[in-house]
There are 2 protein chains.
Amino acid sequence: MTIPRNEFELIESIREKAKFHPGLQLGIGDDTAIFGFSRNKNSLITCDMLLEGVHFTLDQTSAYLIGRKSLAVNISDIAAMAGTPLIAVISIALPKTRNDTFVKELYRGIFELADEFEISIAGGDTNTWDGPTVINITLVGQEHDKGSVLRSGAQSGDWIMTTGSFGNSIAGRQFTFQPRVKEAKLLHEAIGLHSMIDVSDGLSADLFHILEESKVGAILEASAISIHEDVKSNNSSKSHLEQALGDGEDFELLFTLSAKNGKKLIESPPFETKLTKIGEVTESPEALIKMPDDKIVPLLRQGWEHLS
Amino acid sequence: MTIPRNEFELIESIREKAKFHPGLQLGIGDDTAIFGFSRNKNSLITCDMLLEGVHFTLDQTSAYLIGRKSLAVNISDIAAMAGTPLIAVISIALPKTRNDTFVKELYRGIFELADEFEISIAGGDTNTWDGPTVINITLVGQEHDKGSVLRSGAQSGDWIMTTGSFGNSIAGRQFTFQPRVKEAKLLHEAIGLHSMIDVSDGLSADLFHILEESKVGAILEASAISIHEDVKSNNSSKSHLEQALGDGEDFELLFTLSAKNGKKLIESPPFETKLTKIGEVTESPEALIKMPDDKIVPLLRQGWEHLS
C-alpha cells in the first residue's frame, strides 16, 4: 500500500478537516492500516471500480463529482445491508497529463463525502500511467445491531417498497445522489426488513436480484411507481414508466417487509424521504406488472413484455 | 459490488477448490460481503493496483503470473506487519479483446495463491472496457497476538536484518516471489521485532522508510548484504551491490530487533529461509554504508554516494 508523500502534501489541507473514526488505529504511512471496531458485530466489505469512458467522461463530469461518486456507490452498497460505513482505502490510476487541480478536486469529492458519513480514509495506492483514469474504493463497515438485510430474505406476501423516485438519473443524480444509509438503518431499526438492495442496475433488474436470491415472484403496480421529475423533463423515446423501471443508477433503496409492517411504515414514516409501496411478493416465482389499463403482463429486466 | 454471474460460472471449477475461512460469513452474491474474525484482535487492511504497461506487459508475463502477483504484493504487505491474511476483494477492468482463457488464467493465479495462504475471496467488481488491464485487490487480515510490527519502531543499537537475497528481481522473482507471512509471524513470535517493512521500492529506499518513521539513522555493511544469484547472471552496467540495494520488488522482509535477540536469531534460526544481519541502527539520523574497502559513505535511496 503506497501513497507518495508529495501527493499527501497536496491534499493535506483537505485531510486536516477529515474526521477520523476512533476504530482506525493506524492510517496512512505503514504497510497496512490497522482497525478494530465493536467486538460484538460483524464487518461488511465492498468494492467498486470506476473507469473513465465507461462510468464517466471528463468532459461531462467534474473531477469533484467523479471522486464523490467513487465513494458514494460503495456507501450505497453498505446502506443496502442496513450497515454503517466506517473506513475506506482508495486506489487510483491517473493519466500523466492530469494536473494537480484535477487530483485535488478528485480527492475533495471523496473526502467531503467521507466527512459527511464519518468515514476514515485508511490508506490507498496511487499510480500514474498513460491510460485513462481509474478509481477503486474498498469500503469496510459494520453490521446493524439487528444483523444485515440480505437480498435473499423476501417472503411471499411481503410488500415491495422503495425510497425516493426513479428514472433518468443520467441527468445528474447518478453523480449527486445521497446514499440512503440513515434511511436504511431507521427502517431496519424501527420496523424490521426482510430483504433489500440499492438500485444500481435498474428498479426492475434489481428487483429480479431479490426475487432470484429469495426464490419468490412479484407483482408490481405500474401506477404506484414513483417516477422522478427528471423523467418528465426528458425527450426520451421511452415512456416515463420504462425509464423508471430500466434506467438504473438511482441508488434508492428497494426493500420488502411484512404487509403489517408496511402499513405501519406508511402510517408513521420515520423520516421525510419519500416511501412508496410499488407491489407485493408472491409465492409463484413469476415477475408480473399490472399496467394502468389493469392488464397484467410479465415484468422484464428492462421493463415489461408488450403482449399482442 | 458486482460480479456478473456468467463470469463466476467461468471460474466455478477454480472456486470449488478454494478453501473458505470460517470468518467469512457471506461471500459473493449480495451488496457486500460479511465477515467477523477473532473478537480480541484488530484487523489489517491494504490495497494494491496493478496496471498493464506499468507493472506488467502481456507479451512478457502470463495471465496466471499477473493474477498471482496482484494478490502476492498484498500478502507481502500483511506479512510486513507480522499479520495473517484472511479475505480479499478483487476489482478488475478487462480489455474487451481478452478471451475467456485469459480471464480464467488470471483468476487461477489469484485463487491458487489464495488457497495456499488460506485466503477467502469475498467478492469483487468486474468490468470490461477499451483500456488496458487493471487489477486491484484489497486484502484484510488480522494482527499478530503480540500486535503489529510497524515501520516506526526501530531503536538505536538494533540490528538490521533481512530474509532472502536481493537484486534483479525483474529476471522473474518479481512475479514468482513467496510472500514471507510464515517467516514474519515466526520471527515476531519467537524473538520479537522492533520494526519491519517488505522490500518493494528497494532495499535502500525501504530502509529509508523505516529510518524516517523511526527517526533514527543506520550504518550498513556492504559486504554483508545478501546478493541474489540473479544479479550474478546479469549483464547490467550496475554493480552487484547497486542492484541489490536499488532494484526493488524482492518482497523480502527488512526488519530490526535488539542486538541480543539478533544474536539469538543467528544462533537458532526458526526456519530455513536465509537470515542476514546487514547493519545496525544508529542514534545519529544519518544513513551510511561501510564499503568493502572500509570507507564509510552516505547511503542513498538508490545506492550510495560516490565520494571523490
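Hi everyone, let's start with B:Phe111, which is buried, with a relative accessible area of 3%. Keep in mind that this is a predicted model.

Who sits beside that ring? B:Tyr107 is also buried, at 1% relative accessibility. Both residues belong to helix H4 of chain B, residues 100–116, and because they are four residues apart, about one helical turn separates them.

Now over to chain A. Searching the whole structure turns up four aromatic pairs over all chains. One of them joins A:Tyr107 and A:Phe111: the ring centres are 6.1 Å apart and the planes meet at 40 degrees, so we call this pair tilted. Here, too, the two residues lie in a helix H4, residues 100–116 of chain A, four residues apart, or about one turn. A:Tyr107 is buried at 2% relative accessible area, and A:Phe111 counts as buried at 2% as well. Back in chain B, B:Tyr107 and B:Phe111 make a tilted aromatic pair, with 6.1 Å from centre to centre and 40 degrees between the planes.

In chain A, A:Lys69 lies over the face of A:Phe175, 4.8 Å from the ring centre. A:Lys277 does this over A:Trp159, at 4.2 Å from the ring centre.

Last stop: B:Asp125, in strand S5 of chain B, residues 120–129.

Conventions:
Residues numbered from 1 in each chain as written. Chains lettered and ligands numbered in written order. Predicted model: local features only at pLDDT ≥ 70, side-chain atom pairs only at ≥ 80, totals over all residues. Heavy atoms only, no water. Phe/Tyr/Trp six-rings, centres within 6.5 Å; stacked < 30°, edge-to-face > 60°. Buried < 20%, exposed > 50% of the residue type's maximum accessible area, 1.4 Å probe, protein only. Lys NZ or Arg CZ within 6 Å of the ring centre and 35° of its normal.
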